[in-house]
Amino acid sequence: MYSHIISEKQGIVQLITIDREHKLNALNIELIQEIGREIDRLNKEQSVRGIIITGKGNKAFAAGADIAEFSNFSAEEAKEMSTNGGIVFNKIEQSSIPVIAAVNGFALGGGCELSMACHVRVASENAKFGQPEVNLGLPPGYGGTQRLSQIIGKGRALDMLISAKTIDATTALSYGLVSQVVTIEELMNTCIQYVHNLAHKSPIAIETVIKCVNTMYSENKGFDYEINQFSECFELPDFKEGTQAFIEKRKPNF
Ligand code: COA
């Protein structure tokens with residue numbers, strides 16, 4: 001049914017696993033659309049009480065959008081990618097079934113953005129978070145400038161966004177980026193248990209809470225602004241140098 005994700009029902013829990021371990025679960029366009037289709041399907045069925053998103057293996061949740069895929073994109077193609085990806089990330093954020101990110105390693109760029117679109121983030125001790133897009137001559141393009149500021153506050157968000165620094169799980173916990181840090185062995189059981197606890201709460205009340213919280217941010221024009229800024233950068237030399245440097249496994253020279 002899907003080429004880049006695995007989705008399994010385990011009782012009242014739906015587990016979505018990003019299945020590109022050889023590329024550190026980098027998010028290509030089709031993969032993001034598959035997640036979107038699955039979120040739509042689950043929200044129509046309403047047969048599960050919680051959705052867990054994780055990455056295959058013990059090294060990465062997702063190491064970002066697939067740089068090789070977009071390295072030759074025009075501004076127009078970049079805008080389409082960012083807009084369509086944003087629609088999926090909004091679907092996750094608006095899902096009436098809670099979505100939990102089980103962050104099992106690198107959550108960088110689009111990976112960090114995906115985790116932030118989820119309602120709850122639980123990290124393993126080896127998890128690493130960051131928005132390293134400035135290394136590529138870009139800002140984030142899947143809502144990272146907005147959600148990171150919403151979740152950890154403007155000061156820390158700007159620090160992470162402009163420095164491209166990676167933070168470990170303990171720092172992410174102290175920033176409020178994750179709710180809990182557990183060992184890699186405990187990660188899945190902790191998230192599954194989280195969903196089982198939700199089974200004792202009212203689904204309609206949970207859905208209402210999600211809608212109320214999201215309403216606080218619904219007038220935000222920053223997401224559209226980010227999409228435009230992201231795509232315009234694709235016409236600039238820094239983008240060519242940044243992506244080429246990644247592909248050639250060298251440091252960029254801006
Ligand atoms: N897009 C495409 N491919 C990616 C990727 C991404 N975001 N992140 C990792 N990969 C690929 C690598 O190119 C490599 O492929 P290869 O074996 O065919 O050469 C493979 O995944 C393993 O990654 P590698 O870089 O060799 O692992 P590492 O342990 O040395 O480094 C990271 C891990 C996460 C530090 C490094 O992969 C990285 O910096 N990734 C990009 C992070 C990023 O900029 N994300 C934002 C994108 S918008």
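Gln14 is in contact (heavy atoms within 4.5 Å) with Ser7, Glu8, Lys9, Glu38, Arg41, Leu42, Val48, Gly50, Ile51 and Ile52, leaving aside its neighbours within four places in sequence. Gln14 sits in strand S2, residues 13-18. Helices (H or I, at least four residues) and strands (E, at least two) are DSSP runs, numbered from the N terminus. Gln14 counts as buried, at 2% relative accessibility. Buried means under 20% relative accessible area, exposed over 50%, and partly exposed in between, with a 1.4 Å probe and protein chains only.

The model is predicted: local features need pLDDT of at least 70, side-chain atom pairs count only at pLDDT 80 or more, and totals for chains, interfaces and linings use all residues. Residues are numbered from 1 along each chain as its sequence is written, and side-chain values use heavy atoms, with hydrogens and water left out.

**Ligand site**

- The ligand is surrounded by 18 residues, and the closest are Lys23, Lys59, Ala63, Ile67 and Lys249. A residue is near a molecule if one of its heavy atoms lies within 4 Å of it.
- The shell divides into 10 nonpolar, 3 polar and 5 charged residues. Ala, Val, Leu, Ile, Met, Phe, Trp, Tyr, Cys and Pro count as nonpolar, Asp, Glu, Lys and Arg as charged, and the others, Gly among them, as polar.
- Lys59 places a polar side-chain atom 2.7 Å from an oxygen atom of the ligand.
- Lys249 has a polar side-chain atom 2.9 Å from an oxygen atom of the ligand.
- Ala63 takes part through its backbone: a polar atom there is 2.9 Å from a nitrogen atom of the ligand.
- On its own the ligand has 860 Å² of accessible area, and the protein covers 67% of it. Accessible areas come from the Shrake-Rupley method with a 1.4 Å probe.

**Aromatic pairs**

- The whole structure holds 5 aromatic pairs. Rings of Phe, Tyr and Trp (its six-membered ring) pair if their centres lie within 6.5 Å; planes under 30 degrees apart count as stacked, over 60 as edge-to-face and the rest as tilted.
- Phe70 and Phe239 form a stacked pair, 6.3 Å centre to centre with 25 degrees between the planes.
- Phe70 lies in helix H2 (residues 67-70) and Phe239 in helix H11 (residues 237-247), so this pair ties together parts 169 residues apart in sequence.
- Phe70 is buried, with a relative accessible area of 4%. Phe239 is buried too, at 0%.
- Phe89 and Tyr142 form a tilted pair, 5.0 Å centre to centre with 35 degrees between the planes.
- This pair links distant parts of the chain, 53 residues apart: Phe89 is in helix H3 (residues 75-94), and Tyr142 is in the loop between strand S8 (128-130) and helix H5 (144-152).
- Phe89 counts as buried at 1% relative accessibility. Tyr142 is buried, with a relative accessible area of 6%.
- Ring pairs also link Phe70, Phe230, Phe234 and Phe239 into a cluster.

**Positive phi values**

- Leu24, a residue other than glycine, has a positive phi near 50 degrees. Leu24 is in the loop between S2 and helix H1 (29-45). Leu24 is partly exposed, with a relative accessible area of 28%.
- Ala164, also a residue other than glycine, has a positive phi near 60 degrees. Ala164 lies in the loop between helix H6 (154-163) and strand S9 (166-168). Ala164 is buried, with a relative accessible area of 11%.

Key
A polar contact is a pair of N or O atoms within 3.5 Å; within protein, one must be able to donate a hydrogen and the other to accept it, and residues adjacent in sequence count only if both atoms are side-chain atoms.
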